[in-house]
Amino acid sequence: MKQLLGRASSIGAFVKRGEESGYIKISLRGDTAEEKITITRKIDTRNKSEWVLNGTTVPKRDVIEIIKKFNIQVNNLTQFLPQDRVCEFAKLTPIQLLEETEKAVGNPELPVQHRALVEKSKELKRLELAVSQNGETLNQLKALNAEQERDVERVRQREKLLAKVDLMRKKLPWLKYDMKKVEYKEAQKQETLAKNKMEEAAKILNDLKSPIEEQKKVKKMHESNSKNINNQINQNASSRRDIIERECQLGVQVRAKYAEMEDLKRQEESRQQRISKAKEDLVTAEKELAELPIFEPPRVEMEKLGTQITELNFELNQMKVRRKEKESHLLHEKGLLRKSSERLKDMESKNNKLLLALQNSGADKIFEAYQWLQDHRGDLKKEVYGPVLIEVNVQDQGHAAYLENHVPNYIWKSFITQDGSDRDFLVRNLKSYDIPILNYVPERGSRRAPFNITPEMRELGISSRLDQVFDAPSAVKDVLISQAALDNSYIGSDETHRRADEVSRLNILDFWTPDNHYRWTKSRYGDHMAASVEQVNPSRLFMCNLDVGDIENFRSRVAELESNITDMEDSLKSLQKEQRQLEDEIAKIHKRREEITENVKFEKKRRQEMQRRVDMRRRKLEDISKEEDLELSTKKLIDQAARLNEQRFQMAIKIKNLLVEAVDLKWNYTEENMMAIELDMKVREMEANVKQHEKFAIQAATCYENCKKETEQCKRQLNDAKRHAESIAVITDDLAEEFRQMPETIEELEAAIQDTFSEANSILCLNQNILQEYENRQRKIASIGAKLQDDEKELKRCLSEINTLKENWLPTLRDLVAKINETFSRNFQEMAVAGEVSLDEHEVDFDQFGILIKVKFRQTGQLQVLSAHHQSGGERSVSTILYLVSLQDLTNCPFRVVDEINQGMDPINERKMFQQLVRAASQPNTPQCFLLTPKLLPDLEYSEACSILNIMNGPWIDKPAKVWCNGECWGAVMGWEGERV
């Protein structure tokens, strides 16, 4: 809609101000008189749209199908001409006018055929260009090949000689292969001879090795016997050593028994002495125990110390409770301090968010400018404020929206100086940042209008004035008031919105409500007042604003908390000192009580130790008295010594037998060992002879291996030569025949190759690529020739199709333009001017075809093409409407709409135009014609087919509308209005 009307930028802008939604409704007659089609479009301020067809919500494509069915073209200026697009009609080129006319009138196939002809003409031009270019290219290539045929023949002769050289070079590897084959057969023969020699040496060696093996077996038997006898000798020696060792142990035991007998005699003498000594010790210990005084523990002192410890512990616990409470309170205060500090830090960082909001609103370098000002404040004479946004604090978010919408955007990013030299300094240095600089000079004697809310204002909902809803430094506030007239703008409520008309009577010409901004302006040419209402946009810049007083309160709160924490920490340190003193006193009492306890334990332990000493000495005396008798012990020792001597005698007999056996074994071992030594000498002599023959056999085997390796190497070289030769050329019957005609030795073949190669090089050829270029051109000639034939066939087909379409399209179009010209010329003649419509033809350039509208409005002038350069706005409007009238009886659509086409016409032309429009629209079988206009000339002539629809709107429309509905004439209505005024 917005593109068709040329107005507004969104569909929501067509909703009446103050309303949330609206709708547009149109009724169409169907195929029969009874069929009625109703199309409704609902729109809202959120730019949403809904289509309703006969009361049912449908998608937009269904409505478009209905429009296409009735051939309604709202985007065609010849069918739908809004006021704001009248100038577009005059700007239509002849080509565009032809396209619009074809769509609006005549056969529906005309625009289709026109588009097809345009496409075909483009294809025709492309084919003609291709045929021309290909023909020229083909001739050039043929001429070049004709010039180079002699050089090509010489190149071919040279290539023939080089091919012969390549063929001879192919035989060279096969000759080398034959030479390697002879070498391979000779190596095979030498390998066979070496193999026979090796087998003969191996047979002789085997015959010599057989007796050696028999002698080695006999030698091994004697060595085994010697080993067994030696093992028996070792076992005999081991048994003798064990028996001798046992006999020595028995002798030691016998001597020990005799020594024990002597000890028993000496022990009996000392036992009597020990008994008398033990008795004396027992008497002494019993006497010391009886003389030990009885110890009484100090119970009274212990009870007194326990009472003191209990009291001090109670006092210490109370002190710990107080300390814990103070520590808890201190932690709480530190938590509050941390939160307050973080909150203060967040509040102070709001400046960055405000600067970011300014940057997003278009001040790209506001951060750099603000930082520059902070760095150079020492160079300024007086205080400089800015940007203004961070200096202003608004408590209410709604008031922030009013203030942001009221104050021009450039002021929010401005810096305010209070000295002329500071202003010049900032202008020079901040010019690249695109930041405005405002200089504030206090006006002496000027007084601002006092703020006063009268009862009448309160009754209408007026609560404040815009200069009262924010805090800022005085210089900033004065600049905002002087630049934006904040002291003349008031703040109201929903009640103010409902009674907006009454507010102006209080001489308040600017006020704000939650949703709208009302302003009254007085006309410069009279006392007429004009009102405007604008929607209040939500605040974008003040979303992050904070109260400066809140920041100061938080700073005071942080300082107070820091002071409280310092006092509490000092008090806590004093309490900790008292606690340590009390703990030291308790420790001293505990120490005294422990000393008493240790003394009691010591006395008890001393008595217990003396008692244990008496008991121990008594048991010692009893043990000494119970020791065994001397005679009985001596008899037992004599019997044990006799038994040990008997065992020693048996051991001596065993040693004698083992010595006899050892002598026999030594004699047998000597015999077996001598036999083994003799056999070993014989084996060594025989092995020396075998080694001599092994040397000959190894030489024969080495010779065989060398021959075998030589054969393998020759075989590999033969295979490599064959693979190399096959990679150069595979022998075929034809190739073998050609090889037979060439030299049979390598030397002769290499000489022939050199001669032929020299002969080929003697043929001079300046361009080495001439043959390749010649053959490439031959291929291109064949390819371009085939493509040229195809393009010529396609060109003939395209010309045939264009002629067929042109025969159907052009006569019909000429007839249509002739009819339009006839009606257009007649209508212009009736208005005492001249005009014509002609078809601008351009052979086969169908995209250049157009309709020319030529008019003249003066008798002395010439017909000129309708344009903005030759005709005035009124003349273009007359020409436009007469052209549309000329299409009236040719248009195949249900209706046409023309909006305010009579604006800018003089009364004479407007009257003539209106008469022709009425006459053309009143003819039978023509589409409906809607003329929308804010005014009509008096005494116009209307036909019976005309209907006049008056659209009334405004605040005083109710009573006139009632008079109009009663059938009264317009004059009566105007008379009533005159009485009211």
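**Exercise 1. Determine what share of the contacts with a separation of 6 or more comes from residues 24 or more positions apart.**

Solution. A contact means heavy atoms within 4.5 Å. In the protein chain, residues 24 or more positions apart account for 70% of the contacts with a separation of 6 or more. The model is predicted: local features need pLDDT of at least 70 and side-chain atom pairs count only at pLDDT 80 or more, while totals for chains, interfaces and linings use all residues. Residues are numbered from 1 along each chain as its sequence is written, and side-chain values use heavy atoms, with hydrogens and water left out.

**Exercise 2. Identify the buried residues of helix α15 and what covers them.**

Solution. Buried means under 20% relative accessible area, exposed over 50%, and partly exposed in between (1.4 Å probe, protein chains only). Helices (H or I, at least four residues) and strands (E, at least two) are DSSP runs, numbered from the N terminus.

Step two lists the residues. In α15 (residues 474-484), Ala 475, Val 476, Val 479, Leu 480, Ile 481 and Ala 484 are buried.

Step three finds the cover, which includes α10 (388-391), α11 (397-406), α12 (409-412), β7 (415-417), β8 (437-439) and β10 (470-471). Just after the helix, Ala 485 takes a positive phi of about 55°.

**Exercise 3. Decide whether Ser 489 is buried or exposed, and describe its surroundings.**

Solution. Ser 489 is found in the loop between α15 and β11 (490-491). Ser 489 counts as buried because its relative accessibility is 0%. Leaving aside neighbours within four places in sequence, Ser 489 is in contact with His 406, Arg 465, Leu 466, Asp 510 and Trp 512. With Trp 512, the side chains make a polar contact at 2.9 Å (a pair of N or O atoms within 3.5 Å; within protein, one must be able to donate a hydrogen and the other to accept it, and residues adjacent in sequence count only if both atoms are side-chain atoms).
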